Amino acid sequence: MYTKSKYVERMSCLQNEEFYHVFEVFSKRNHKSDFQHQFSLLAPNHEMALVMAQENFMRREPVVDIWVVKRSDITKLKPEDKKALERLDNKEYRLTKGYGYLKKKWRKYEQQVLDEKEIMSWGGDQRGPNRNAAGSDSK
Amino acid sequence: MDQIATPQEAIQNKQYKMALIELLYQLADDDFILAFRGSEWLGLAPHIEEDIAYASINQATMGHAVMYYELLESLGEGSADELAHERKASERKNAILLELMNGTGSYLENPSYDWAFTVVRHYFYDIYKKLKLESLKQSSYLPLAQAATKIKMEQYYHVMHWKVWFNQLVLSGGEAKTRMQAAIQKVWDEFADVLSYGTYAADFSKYQLIEEENLFKQKWEVEMQQVFQKAGIDYPGPPSARKGNGRTGMHTEDLNQALSILSEVYSLDPQATW
């Protein structure tokens, strides 16, 4: 009988000879979505990895595209370099939640009655002051 | 001739029905027995990813057989389950090549299966099947043309899968190449049987169920010559059918072995509902 241990033995022997490589598999669910990392698999080369990827990971859900990337081609941060990711917690201005007040402002303008004076003021003097610059209260 | 849209229409013409049923048995039995042989690799394929991919392919191929058996069912041939499990070897119309065992030993004891033979058998069969489906898409029997259109969707991946294995092993040199060449010889010795339309060949084309046998063979040969050329191997000329013609119900002991195993559970209680 072809035992499991014999199988594992043969596999590790092949790996020692650097026959198999680890490939990372990415797929796209539909044309609008981004590629997402799925899993990794062992294969001797890119072509084989692509063929294996389809039936190993796309069996149950349809996908529109597949990528395979050799793991050794991926450059990773070294553990000590992960210090580069640290930062102070004082950059709230970079988060879109800082613009939450805009909704309220829109509502205010939408509710304003459009009178003749208001409408006339839109066209008007084209060389006038830059309306965007004037009185801006952006953060 | 006009297209036949329903089974009710098909059975009006006795000769048409006979030819149609014969063709459907060939298609169903081919996919069925090869999917069974493929399923015997479960847990034994060269590596774990291939094990899963191959198992998936076998499920898909078995699904194709089911579609053909259901077409037979609608023509009054009996239920798909019965057709798959209960028919004797002499009633089966599959090509002999597809029933041959994967190698020596059995699934449970010393399975010393031949991966080279498996790759070559599947690759050559799947190329043939792709061409056959293309022709069946024009079939005068509409339900068959529709089934072929659906099956063809999955066939692209099947061909691609075996093409990768075939080319990588054949072009690798060394032991792989030697074993692949032996496997090619073994498959070529029987492939004429796969190509054979059997005793109803004339009616198949008379009723436009599928394109004419010799035309089909020519088309197939052109495709295979390219396969050999890309693999850097001389084209071996026309294939043979040394073990006989499965389309006429001739089979080897290997088919009996397969049938006794695949119908073992079914035969315990044929009335059971699944």
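The crossing of α2(A) and α7(B) is left-handed, a term used when the near helix is turned anticlockwise from the far one by less than a right angle, with clockwise making a crossing right-handed. The helices here are DSSP runs of H or I with at least four residues, strands are runs of E with at least two, and both are numbered from the N terminus. Before going on, a word on the model: it is predicted, local features need pLDDT of at least 70, side-chain atom pairs count only at pLDDT 80 or more, and totals for chains, interfaces and linings use all residues. Residues are numbered from 1 along each chain as its sequence is written, chains are lettered from A and ligands numbered from 1 in the order in which they are written, and side-chain values use heavy atoms, leaving out hydrogens and water.

Back to our helix pair. Axes are lines fitted to C-alpha atoms, for helices over the stretch in contact, and angles run from 0 to 180 degrees between N-to-C directions.

Who touches whom? On the α2(A) side you can find A:Glu47, A:Met48, A:Val51, A:Met52, A:Gln54 and A:Glu55, and on the α7(B) side B:Tyr157, B:Met160, B:His161, B:Val164, B:Trp165 and B:Gln168. Contact means heavy atoms within 4.5 Å. By class, that contact has 7 nonpolar, 3 polar and 2 charged residues. For the classes, Ala, Val, Leu, Ile, Met, Phe, Trp, Tyr, Cys and Pro are nonpolar, Asp, Glu, Lys and Arg are charged, and the others, Gly among them, are polar.

Now for the interface as a whole. It takes 20 residues from chain B and 17 residues from chain A. About 1,800 Å² is buried between the chains, and carbon and sulfur atoms give 57% of that; buried area is the accessible area (1.4 Å probe) that two parts lose on being put together, summed over both. B:His47, B:Glu49 and B:Tyr157 supply 31% of the area that chain B buries against chain A, more than any other three residues.

Let's follow α7(B) into its own chain. With helix α8 of chain B, residues 174-188, α7(B) packs at an angle of about 120 degrees, the axes being 8 Å apart. That makes the pair oblique. B:Phe166, B:Leu169 and B:Val170 of α7(B) meet B:Ala176, B:Lys177, B:Met180 and B:Ile184 of α8(B). This contact divides into 6 nonpolar, no polar and 1 charged.

Chain B has another oblique pair, α3(B) with α6(B). Helix α3 spans residues 48-74 and helix α6 spans residues 115-136, at an angle of about 40 degrees and with axes 14 Å apart. Their crossing is left-handed. The residues of this contact divide into 5 nonpolar, 5 polar and 2 charged.

Over to chain A and its sheet. It is an open sheet of 3 strands in the order β2-β1-β3, with antiparallel pairing. β2 (35-43) and β3 (65-70) stand at the edges with a single partner strand each, so one side of each has no neighbour in the sheet. From one strand to the next, the twist averages 25 degrees. Strands count as paired if DSSP finds at least two bridges between them. β1(A) and β2(A) pair over 8 bridges and form a hairpin with 6 residues between them. In that pairing, A:His21 stands opposite A:Ala43.

Last, two backbone details in chain B. Most residues other than glycine have a negative phi. B:Asn110, however, has a phi near 45 degrees, and it is found in the loop between β1 (103-104) and β2 (112-113) of chain B. B:Gln208 also has a positive phi, about 55 degrees, and lies in the loop between α10 (201-206) and α11 (213-231).

Definitions and conventions:
Parallel < 35°, antiparallel > 145°, perpendicular 65-115°, else oblique.
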